[in-house]
Amino acid sequence: MKKGLVFGSALLILAVCSLPAHAASPEDSAAAAWAAIFAPAPPVAAQPQAQDVAARGHRLNVKSSSIAHCWDNTTRTCTGTSSSAVDSNCSAGQQGYCTGTDTGTLSCPTCPTGCSTTVTCSNGSRVSCSGTSDCFSVNNCYASCDGVLHWCAVHPSCPV
C-alpha cells in the first residue's frame with residue numbers, strides 16, 4: 001500500500017511540474033526564434049559622410065606590422081604607419097632586421113661564424129663535420145672541427 005501511495009504521489013508531482021512545458025507549443029517557439037533571427041536591426045546613430053571627415057582634415061593612421069625571423073628561432077616585430085622586415089639568412093651573410101616608424105630598426109642577433117670540412121676516406125666514403133672554429137681534415141684519415149676528430153672507418157697510419 002505504501003509503495004502505491006509513493007508511486008502515485010511521484011506521478012502527480014511529475015505531471016504538475018511538466019504543465020509549463022506543455023503550455024508552449026513547438027510552433028510558438030519556432031515562430032519566436034524565426035522572428036528574432038530575421039528582425040530588422042535597430043537604428044544606429046548617423047555616421048559622418050566621407051566629405052565631412054575630409055573637410056575636418058582628419059587622416060587615417062593605418063598601422064603596419066612586420067616580423068623578421070632570426071636564425072636562432074626568435075623574431076623581431078616592428079610597427080608603425082609603415083614597416084618592413086628582412087629574415088636572417090646566415091649562409092648569405094644576412095643578419096635579419098625589421099624597421100617601423102614607431103619602433104625604429106630592430107636587429108636579429110649576428111650570425112655565428114662557423115666552419116665545416118669534409119674528407120674522402122680510402123674506401124670512398126666521406127666524413128664531415130661543422131664547428132665554430134678550427135676546422136681541418138687529413139686526407140684518408142679524419143676531419144677535425146673544434147678539436148673533435150671524426151675518423152674514417154679505415155685509417156691505416158694517420159697523424160694525430
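View A. The model is predicted: local features require pLDDT of at least 70, side-chain atom pairs are counted only at pLDDT 80 or more, and totals for chains, interfaces and linings use all residues. Residues are numbered from 1 along each chain as its sequence is written, and side-chain values use heavy atoms, with hydrogens and water left out. Strands (E, at least two residues) and helices (H or I, at least four) are DSSP runs numbered from the N terminus. Strand β3 pairs with strand β4, residues 97-100, in the antiparallel sense over four bridges; two strands pair if DSSP finds at least two bridges between them. Strands of a sheet pair through backbone hydrogen bonds, either parallel or antiparallel.

**View B. Strands β3, β4 and β5 form an open sheet in the order β3-β4-β5.** The pairing in this sheet is antiparallel. The edges are taken by β3 (83-86) and β5 (104-107); each has a single partner strand, so one side of each is left without a neighbour in the sheet. On average, neighbouring strands of this sheet are turned by 10° against each other, direction ignored. The axes are lines fitted to C-alpha atoms, for helices over the stretch in contact, and angles run from 0 to 180 degrees between N-to-C directions.

**View C. The whole protein chain holds four helices and ten strands.** From the N terminus on, the order of elements is α-α-α-α-β-β-β-β-β-β-β-β-β-β. The chain has 160 residues, of which 15% are buried. Buried means under 20% relative accessible area, exposed means over 50%, and partly exposed lies in between (1.4 Å probe, protein chains only). The accessible surface of the chain comes to about 11,800 Å², and 61% of that surface belongs to carbon and sulfur atoms. Accessible areas come from the Shrake-Rupley method with a 1.4 Å probe; for residues, only the protein chains shown count as cover. Among contacts between residues at least 6 apart in sequence, 17% join residues at least 24 apart, where contact means heavy atoms within 4.5 Å.

**View D. C78 and C98 are joined by a disulfide, with their sulfur atoms 2.0 Å apart.** This pair links distant parts of the chain: C78 belongs to strand β2 (residues 75-80) and C98 to strand β4, 20 residues apart. A disulfide is here a pair of cysteine sulfur atoms within 2.5 Å, and by this rule the count comes to six disulfides. In general, a disulfide is a covalent bond between the sulfur atoms of two cysteines. The link of C78 and C98 is right-handed, with 70° about the S-S bond. Both C78 and C98 are buried.

**View E. A disulfide joins C90 to C111, with an S to S distance of 2.2 Å.** The link of C90 and C111 is left-handed, with -85° about the S-S bond. C90 lies in the loop between β3 and β4, and C111 in the loop between β5 and β6 (115-120), so the pair ties together parts that are 21 residues apart in sequence. C90 is partly exposed, because its relative accessible area is 32%. C111 also counts as partly exposed, at 22% relative accessibility.

**View F. C115 and C135 form a disulfide, their sulfur atoms lying 1.9 Å apart.** This pair links distant parts of the chain: C115 is in strand β6 and C135 in strand β8 (residues 135-138), 20 residues apart. The torsion about the S-S bond of C115 and C135 is about 65°, so this disulfide is right-handed. With 22% relative accessibility, C115 counts as partly exposed. C135 is partly exposed, with a relative accessible area of 21%.

**View G. S144 is a residue of strand β9, which covers residues 142-145.** S144 is buried, because its relative accessible area is 2%. Leaving aside neighbours within four places in sequence, S144 is in contact with T117, C129, D134, C135, F136 and L149.

**View H. V119, C121, V127, C129, A143, C145 and C152 make up the largest nonpolar core, of seven residues.** The elements that give two or more residues to this core are β7 (126-131) and β9. Apart from this core lies another, of five residues, among them C70, C78, C98 and C108. A nonpolar core is a set of buried Ala, Val, Leu, Ile, Met, Phe, Trp, Tyr and Cys residues joined through side-chain atoms within 4.5 Å. In soluble globular proteins, nonpolar side chains tend to be buried together. Not counting residues up to four places away in sequence, V127 touches T117, T118, V119, C121, A143, H150, W151 and C152.
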